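Hi everyone, thanks for coming. Let me put the chain up on the screen, and then I'll talk you through it.

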Amino acid sequence: MKITALESRRYRLPLAPPFEAAWDPRPRQHLDESIVTVHTDTGLRGHAGGAAAPDLGLLETLLIGCDPVDSDRIFDICQSVDFHGGRNWTVEVAVHDVVAKSLDQPLHEWLEGSRSSFPAYASTGERLGAEARAERTLQWREQGIRAIKLRLFHRDWREDVAIVEAVRQAVGDTVDILVDANHGWRMPGDRSPRWDLGTAAECARALADLDVFWLEEPLDPALVDDYVRLRRVATLPIAGGEMVRTLAETQRLIGAGAFDVVQNDVVLAGGVAGTRRVAESAKQSQILWSPHTWSTGYGLLANLHVALAFSTAPFIEVPYDPPGWSPARRDFMLPAPLEIAGDGTISPPAGPGLGVEPDFDALERWRVG
Ligand SMILES: [Mg+2]
């Protein structure tokens with residue numbers, strides 16, 4: 001099998017009412033996403049999405065004629081393009097989709113995963129007050145959700161801790177609570193201040209008292225030494241690394257002892273092959289690997305397959321905060337939304353590759369390029 005062409009389709013879903021993400025400086029009015037398609041000489045096609053591939057033309061030139069099964073070569077080419085350009089890892093994931101399809105296997109099986117569903121944690125995104133957040137969590141518990149992640153968004157972390165406390169009081173020990181400080185990176189143009197080590201340590205202490213499962217991205221990952229110091233004093237696990245770009249940087253953070261949980265996202269950093277290496281490094285260092293999955297349905301799906309094979313964490317992130325971030329919005333490019341089942345787990349659709357085939361005709365109404 002040989003790669004013969006790459007193709008991309010861009011879509012824009014209007015968000016009315018807008019989505020007020022905890023990490024966005026202004027409400028999100030629309031959702032821009034792409035589906036990347038890899039064509040082969042067998043007629044089989046692979047698809048992936050969840051992040052645009054800005055250097056598609058260059059990648060097409062370099063990948064035409066390659067055997068999709070040669071994952072090291074595909075990874076090296078994608079990595080060299082990533083160095084000079086944007087994050088193009090959806091291309092690498094689309095290549096994996098076509099490889100698994102050619103073997104008539106779900107991607108997670110081809111990656112030698114031994115299970116087909118994974119416990120989910122509902123990863124929230126909206127700015128919501130304590131009472132509303134506690135109520136919503138109780139509702140979700142009735143649906144079977146057993147773990148949630150709360151985002152901090154106030155200038156003063158004490159206001160956020162009050163929300164965590166309200167949720168903990170409401171659910172007792174029936175729901176695991178994770179917390180994402182969102183200080184690992186900023187959206188374009190956002191110059192709002194980030195925590196320093198002292199603030200992170202103080203907040204970590206308060207969250208540990210509320211039995212929080214992990215604290216995510218309390219600091220800029222460039223501050224490797226501060227992460228190491230924080231981890232020494234913190235009494236709850238520290239997670240991070242979701243937007244760290246290169247394999248080398250991620251492995252340096254793991255090697256330094258910066259994290260208890262490392263969280264690269266297959267469509268944003270490293271693809272499937274790079275993630276396999278990150279997961280192996282994590283295992284050797286006796287820390288957990290658990291993917292960041294917050295893009296759209298295709299991104300969640302790719303990370304879910306890889307998590308089924310490599311994740312060592314007790315649950316996987318599932319972006320979920322309806323009505324602002326509903327499965328219908330998140331998965332608008334998928335033929336059907338992925339749902340957390342009544343037992344709190346999530347599974348990919350059965351079928352080879354990622355388990356979905358895009359309905360391009362139905363998607364035409366959102367097409368912008
Ligand atoms: Mg995060």
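I'll go from the overall build to the core, then to one helix and a few strands.

A word on conventions: this is a predicted model, in which local features need pLDDT of at least 70, side-chain atom pairs count only at pLDDT 80 or more, and totals for chains, interfaces and linings use all residues. Residues are numbered from 1 along each chain as its sequence is written.

The chain has 13 helices and twelve strands; these are DSSP runs numbered from the N terminus, with helices being H or I of at least four residues and strands E of at least two. Its radius of gyration is 20 Å, close to the 21 Å from the globule rule for 369 residues, so the chain is as compact as a globular protein of that length. For the record, that radius is taken over C-alpha atoms, and the rule is 2.2 Å times the number of residues to the power 0.38. Of the 369 residues, 49% are buried, where buried requires 20 or more other C-beta atoms within 10 Å of a residue's own, exposed 12 or fewer, and partly exposed falls in between, with C-beta atoms placed from the backbone.

Now, which residues have the most contacts inside the largest nonpolar core? They are Ile177 and Val179, in a core of 107 residues. By nonpolar core I mean buried Ala, Val, Leu, Ile, Met, Phe, Trp, Tyr and Cys residues joined through C-beta atoms within 7 Å. Helix 11 (residues 297-310) gives the largest share, nine residues. Domain 1 (3-105 + 357-366) and domain 2 (110-346) both contribute residues, so the core lies between them; the domain bounds come from an automatic or database assignment.

Next, helix 9, residues 247-256. Its buried residues are Leu247, Thr250 and Leu253. Just after helix 9, Gly257 takes a positive phi of about 85 degrees.

Finally, the strands. Strand 1 (residues 3-19) pairs with strand 2 (residues 28-40) in the antiparallel sense over twelve bridges; pairing takes at least two DSSP bridges between two strands. Here Arg10 stands opposite Ser34. Strand 2 also runs antiparallel to strand 3 (residues 45-49), joined by five bridges, and His39 has Arg45 as its bridge partner.
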